[in-house]
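Let's take a walk through a protein model together.

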Amino acid sequence: MTPSDSPLRVVVMGVSGSGKSTLGRALGAALRAPFLDGDDYHIPQARECMRAGHGLTDADRAPWLARLRAELDAQGRVVLACSALKRTYRDALRAPGTRFLYLDVPEPLLATRLRQRPGHYAGADLLPSQLATLETPQQGEHDILTLPVTATTTPAGLLAQALTALKVT
């Protein structure tokens, strides 16, 4: 089995604006694994709700998480960008071989990033509900690696951190 054939499921998680999609795309390319963006699996009604600045409920998220879990189950090697804000959401995504990379970004930096990405349905108005919903990785969640992100962290630097944390080259 070659390294690109070995099972590996990576979920890049964090609140809106943390850089999940940017890191996920780069990580997928580096690992020669398909990249899936969780945003692409939201139904239009959910996107409209978030565009209006309203967070989704657990009931809103349940079918979305089920779709994402089905994608993880269908792939032996994949990188998924998904907020995975609560432990119950992460539990729903925990397919065998899944590792999580939590992007830990200070709130002021998140707000700045969200203001600088006009047109995305998850704008700055959504940040308070994202932060209120976020359950940072908890004791016992040994499959989560935390990557600190600062204003000076570059995408290339974050990718290097991720590859080192995952112990892949």
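## The surface and overall size

The protein has an accessible surface of about 8200 Å², and carbon and sulfur atoms make up 56% of that. (Accessible areas come from the Shrake-Rupley method with a 1.4 Å probe, and for residues only the protein chains shown count as cover.) Bear in mind that this is a predicted model, where local features need pLDDT of at least 70 and side-chain atom pairs count only at pLDDT 80 or more, while totals for chains, interfaces and linings use all residues. Residues are numbered from 1 along each chain as its sequence is written, and side-chain values use heavy atoms, leaving out hydrogens and water.

How big is the protein? Its C-alpha trace spans about 45 × 35 × 30 Å along the principal axes. The radius of gyration (taken over C-alpha atoms) is 15 Å, which agrees with the value near 15 Å for a compact globule of 169 residues. That globule rule is 2.2 Å times the number of residues to the power 0.38.

## How the chain is built

You'll find seven helices and five strands here. Helices (H or I, at least four residues) and strands (E, at least two) are DSSP runs, numbered from the N terminus. Starting at that end, the order is β-α-β-α-α-β-α-β-α-α-β-α.

Of the contacts with a separation of 6 or more, 77% are between residues 24 or more positions apart. Contact here means heavy atoms within 4.5 Å.

## Inside the core

Of the 169 residues, 45% count as buried, meaning under 20% relative accessible area; exposed is over 50%, and partly exposed is in between (1.4 Å probe, protein chains only). In soluble globular proteins, nonpolar side chains tend to be buried together.

The largest nonpolar core here has 45 residues, and Val 10, Leu 23, Leu 27, Leu 93 and Leu 101 touch the most other members. (Such a core is a set of buried Ala, Val, Leu, Ile, Met, Phe, Trp, Tyr and Cys residues joined through side-chain atoms within 4.5 Å.) Neighbours within four places in sequence aside, Leu 23 is in contact with residues including Val 12, Leu 103 and Leu 158.

Arg 32 sits in the loop between helix 1 and strand 2, and its phi is near 50 degrees, positive although the residue isn't glycine. Ala 84 also has a positive phi, near 45 degrees, and lies in the loop between strand 3 and helix 4.

Which one is buried, and which exposed? Arg 32 counts as exposed because its relative accessibility is 58%, whereas Ala 84 is buried, at 1%.
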